[in-house]
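Here is a short briefing to read alongside the model. Have the viewer open and follow along as we go.

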Amino acid sequence: MDRLQDSLYKSVERDCHMKKAGIIGCGLMGSGIARNLLKHYDDVYVYDIDQRAVENLQKNGAIAVDRPDVLAEETDFLILSLPTPKLIEKTVMDKENGIIHVMKNGAFILDMSTNDVQMTRKLYHAAKSHGVDFFDCPLSGGPERAANGTLTIMVGGDDKSFPSILPVLQSVGDHIEYIGDIGSGQIVKLCHNMVVGGVITLLSEAFMTGEKAGVSKEKLASILQKGSAHTRAMDVFGTNILDHTFEDVKFSLANMSKDIQLYRSLTEQNQLPAFASHNVHHLFHLANDQGKGILDSSAIYQLLSELEEGAVKH
């Protein structure tokens, strides 16, 4: 590392130790994010309704609080890692306990959840009116990369303020991509997850077809990964499909179903027919209704098998 790079690195490290960071939502993704924040920030505040998740982070040096607005008062950078747009909206804007009402002027909200695009823009303007900068920063990489601090982060928001949040993003991710105006990070994430959900569905059907025709799914998977059909989705979700270990959750089917629904809303808002994604949306919705939401997204294979056997009424 040359002297200039070394100077910049020390400057970022010094800035991290002067700032306070916090995270609301300490689930599979949030807990990994929090642990990486603790490597870079002296004060990291955490909140979650799951007390065990909070206690585990306390053991690593995090500061626990019992309400989101209490956390918001203390932090300069506040990360959201929450499951639904409604919960995000309530957390940010609730008239009694919304975080924007108590945050410091010039503070930042980094929404690392997957959120509705229109809701994201609404929250951005609400935060602005309170002197707070709001960025959409959805993630790709799953719990393992959250724990390793190697997430891919897609960022939407004001370009002039982007350098101010970059040290925070670099503490939890190794591929930071500034996309453009507010909401653009979510647009990319929704398109990304729609493609992943579609690939999981198509892989599942192809494996079933191959086996019915006389070739094992293990052999088929091996050949697919050596040809033009190679896909990272196979690397992430393939073992669950091959071994039927759908309880090993890489990304829950409920969350994938929610994200595909948000993608569908995006197509409707832009008056697109969504021909290719229609059946994928229907199948994930059906699987979720059949109680498979707590399983991994790869459980779409299980649904297709049941449909083929006539065990589930379509």
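Leu203, Ala206, Phe207, Gly210 and Glu211 of helix 9 meet Lys217, Glu218, Leu220, Ala221 and Leu224 of helix 10. Sorted by type, the residues of this contact of helix 9 with helix 10 come out as six nonpolar, one polar and three charged. Please keep in mind that this is a predicted model.

**How the two helices cross**

- Two packed helices are described by the distance between their axes and the angle between them.
- Helix 9 covers residues 184-213 and helix 10 covers residues 217-224; their axes come within 9 Å and cross at roughly 125°.
- That angle makes helix 9 oblique to helix 10, because angles over 145 degrees would be needed for roughly antiparallel and 65 to 115 for roughly perpendicular.
- As for handedness, helix 9 passes helix 10 in a right-handed crossing.

- Lysine 128 sits in helix 6, which spans residues 117-128.
- With a relative accessibility of 36%, lysine 128 counts as partly exposed, because the range for that label lies between 20% and 50%.
- Which residues does lysine 128 contact, leaving aside its neighbours within four places in sequence? They are Asp133 and Asp158.
- With aspartate 133, lysine 128 makes a polar contact from side chain to side chain, at 2.9 Å.

Notes: Residues numbered from 1 in each chain as written. Predicted model: local features only at pLDDT ≥ 70, side-chain atom pairs only at ≥ 80, totals over all residues. Heavy atoms only, no water. Helix = DSSP H or I, 4+ residues; strand = E, 2+ residues; numbered from the N terminus. Buried < 20%, exposed > 50% of the residue type's maximum accessible area, 1.4 Å probe, protein only. Contact = heavy atoms within 4.5 Å. Polar contact = N/O pair within 3.5 Å; in protein donor to acceptor, adjacent residues only side chain to side chain. Axes fitted to C-alpha atoms, helices over the stretch in contact; angles between N-to-C directions. Parallel < 35°, antiparallel > 145°, perpendicular 65-115°, else oblique. Left-handed = near helix turned anticlockwise from the far one by under 90°. Nonpolar A, V, L, I, M, F, W, Y, C, P; charged D, E, K, R; others polar.
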